[in-house]
Each structure stands twice: as C-alpha cells, then as structure tokens.
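User: I would like to learn how features of a protein model are read. Please give the general idea each time and then the case at hand.

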Amino acid sequence: MEKISVKMTKTKNPVYFIDEKEVKELVKKSNPTKKIGDINIPELEKKLNQLPAVDSANVYLNLNGSLNLEIKQRVPAFRLNKDNRDFYVDEKGTEFPTSQNYSFPCMLVMGDVKKSEYVKLAELIQKINHDEFSKRYFIGISKSKDNYDLLTNEGYFNVEIGDLENIDLKVKGFKAFVEKYLIYQQPEKYTKVSVKYDNQIVTTLNPKYKDNDSIIAVGKKELEKLPLIKKKKEEAEKRILNEQKQQPKVIVETKPKTSQPKKEIEKKSPKKVIQKPESKPKGKVKIE
C-alpha cells in the first residue's frame, strides 16, 4: 500500500470535527502490515462510519496500490442542552457528541426536546438562519413542557411560539409586530411576546419597567372588581330563583274535545262509488 488519499467532502458549512491525520491513524491500525492483500475494505468502512462525526464513508483501492477514502462529516443543525447533557443534532435528527478540539457555531436549544421533534426543530432553525430579520433577532430556543420560546438578542423578552406548527405565519406575525409597533416602544417594556394564538399577538408587561406602573395599576383594579361582579351576579340569580318559587301556580283545565269513534264516522259517511267508463264498441270492418 504505497499511498493513502483522504478526501473530505465539502459541505455548505465547513466542519472540522475530524482531520486527515486522525483518519490515517485509523487506517494504519486496521492494516499494520501495509500490504494491499491484508486490507479489509468493508471492515475499514464500517469503522469509519462508526465515528460519531462521520455521516458517510467510502473506501476503495486503485490498481497502483493507492487507498482512497472519501469522508463526509455531519453538520450540526443545532446544539442541544438536555438532562445535563450537551450534544449536537444534525438536520436528519441524529445526535452526536461535541468535540474538545472544535466547536461549530450554531443555535443553542435548551429543554426537554423529544427526538421526534428534532427534524422540525432543525427546519425552524434553518428558516431563521436564511431570514435576515429572524437571524438578527433570535439567538436561541428554549422549551418548557410543550411550549417553545425564541430567545432574542435584546435579552428583555422571549417570543412564545407554542408548538412547531405554522412557523412561517408565527414569525411573520412577530415581524409585523416589530416593524409596526415595537420600533416605537422600548424593548424592556415587555417580558414576553406570544404569537402562538391564531390571528393575534399577546404581550406580557414587565413589572420592573417604570412606565408600566400606571398600566399595571389599572389592570390590578380591574382584576379586583372581578370577585365583586361575580358575587353580584350570583345574588341576582338567587333572587330571580326565589321570586319564581314564590309565584302561585295557575292550573288551567281544558276539556278534551269529544270525537266520534272511527267506526261510526265510517258508517255515516257514504262510500264513494267509482264508476268505470263504458267501453266503446269496437269498430266493425266490412270486407268485400
């Protein structure tokens, strides 16, 4: 085996989890004699494909004794922090560990994300990365129970999106909110902006922001009225119920109409006689 040629397949985003030196060391361990006849190509391919950061590996020999290795590395779609573990997930939904030698720049996701959600989450992050507005605003994602929040670079508020359905519409709604309203407000005014509901945006005020004091005070007064309104409603319902109980009942007796038995009616009513039309006499034909 005169030469070992290692080719790293180019990806959209360059990754460097493994290098040529590491691959060549693996080949030497698999074939210490360096003889072509001793190379077990299927076994070598299997070992390369078992490397966590390798997406696919192809090994073949040339007639001149050159061993060729084509390797494609996994590209992380996001980095997930789950159950005190930190690992990457690619666009196919495959988990693989982080590297001590290399860190890939990608969005951080936190929370109890299910494996069945990996692919949809990767699609969401891909859409964010391809949209200048979203890429400028969102820097991370967190999940609490079944609810997803987009973390913003402002750091003052989160964008609640709920589940991973209708993502385009939700991001479009937030974009409209920012361009038509938020640009005239201070970002620290809110702690959360929710776009998970259909055709509406719900905001949560920040109680620590001074300008919100008067609005929050009015809101508290309205909430304090609710128990009183409920009590008055219950009292009114009881009063109506008592008045209905106290009213005397009026019973109106009605005599049933006498009706003749069916048989008698049949006797009195004359039967209709249907007369059959008289048959016309047949025409006579005289033959001479």
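User: In which sense do strand 1 and strand 3 pair?

Analyst: Strands of a sheet pair through backbone hydrogen bonds, either parallel or antiparallel. Here strand 1 and strand 3 (residues 66-73) pair in the parallel sense, over 6 bridges. Strands are DSSP runs of E with at least two residues, helices are runs of H or I with at least four, and both are numbered from the N terminus; two strands pair if DSSP finds at least two bridges between them. Within this pair, Lys3 stands opposite Ser66 in strand 3. This is a predicted model, in which local features need pLDDT of at least 70 and side-chain atom pairs count only at pLDDT 80 or more, while totals for chains, interfaces and linings use all residues. Residues are numbered from 1 along each chain as its sequence is written, and side-chain values use heavy atoms, with hydrogens and water left out.

User: What is the strand order of the open sheet?

Analyst: The order of its 3 strands is 1-3-2, with mixed pairing. Strand 1 (3-8) and strand 2 (54-61) each have a single partner strand, so one side of each has no neighbour in the sheet.

User: Which strands does helix 1 lie across?

Analyst: Helix 1 (residues 20-30) lies across strand 1 and strand 3, at about 135° to strand 1. Helix 2 (residues 41-49) lies across strand 2 and strand 3, at about 160° to strand 2. Axes are lines fitted to C-alpha atoms, for helices over the stretch in contact (heavy atoms within 4.5 Å); angles run from 0 to 180 degrees between N-to-C directions.

User: Which residues of helix 3 are buried?

Analyst: An α-helix has 3.6 residues a turn, so residues three or four places apart point the same way. In helix 3, the buried residues are Tyr118, Leu121, Ala122, Leu124, Ile125 and Ile128. They cover an arc of only 160° around the axis, which puts them on the same side of helix 3; the arc is that of the directions from the helix axis to the C-beta atoms. Buried means under 20% relative accessible area, exposed over 50%, and partly exposed in between (1.4 Å probe, protein chains only).

User: How is Pro97 classed by accessibility?

Analyst: Pro97 has 46% relative accessibility and therefore counts as partly exposed. Pro97 belongs to strand 6 (residues 95-97) and, not counting residues up to four places away in sequence, touches Pro52, Phe87 and Tyr88.
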